[in-house]
Amino acid sequence: MNPKQREKWARIRRLGKFRYMIIYGIFFWGLPVAILYVFITTFLDNNFSIQQVLQSALLRRLFFAKVFISLTLFPTCGFALSWWLWDYNEKKYSDE
């Protein structure tokens, strides 16, 4: 860890592990990725036509199922990823 990275991690670690995982894992990674995933895959699957999704009851149900699954899965993965990143950065911080 160079001095600039060390200083940045020193500021971030003041949040505490749990708050770091909520902010960086869920809000900065999980939710944005979930939203992007839902919209990109919906547009790609339906030839970039939102009208097609709105007119079909089945496609609307699939869209909302995709939203629910994505908003559950990606933030959970972000939480786990941030847990690992916290431990990784703490190890690098304490080794120097």
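Leaving aside neighbours within four places in sequence, S82 is in contact with Y20, M21 and G25, where contact means heavy atoms within 4.5 Å. Before I continue, please note that this is a predicted model, in which local features need pLDDT of at least 70 and side-chain atom pairs count only at pLDDT 80 or more, while totals for chains, interfaces and linings use all residues. Residues are numbered from 1 along each chain as its sequence is written, and side-chain values use heavy atoms, with hydrogens and water left out.

S82 lies in helix 4; helices here are DSSP runs of H or I with at least four residues, numbered from the N terminus. Is S82 buried or exposed? Its relative accessibility is 2%, so S82 counts as buried. The cut-offs are under 20% relative accessible area for buried, over 50% for exposed, and partly exposed in between, using a 1.4 Å probe and protein chains only.

F79 is also found in helix 4. With a relative accessible area of 22%, F79 is partly exposed. Not counting residues up to four places away in sequence, F79 touches F18, M21, I22, G25 and I26. F79 and Y24 are 55 residues apart in sequence, yet their C-alpha atoms are 8.1 Å apart in space.

Let us turn to helix 2. Its buried residues are Y20, M21, G25, I26, G30, A34, V38, T41 and T42. Among the elements covering them are helix 1, helix 3, which spans residues 50-55, and helix 4. Helix 2 has a kink of about 35 degrees, centred on I26; the bend at a residue is the angle between axes fitted to the seven residues ending there and the seven starting there. After helix 2 comes N47, whose phi is positive, near 55 degrees.

Finally, I come to helix 1. Which residues of helix 1 are buried? They are W9, A10 and I12, in a helix that runs over residues 3-13. Viewed down the axis of helix 1, these buried residues fall within an arc of 165 degrees, so they line one face of the helix; the arc is that of the directions from the helix axis to the C-beta atoms. P3, K4 and E7 are exposed on the other side of helix 1. The cover over its buried residues includes helix 2 (17-45) and helix 4 (57-95).

Conventions:
Helix = DSSP H or I, 4+ residues; strand = E, 2+ residues; numbered from the N terminus.
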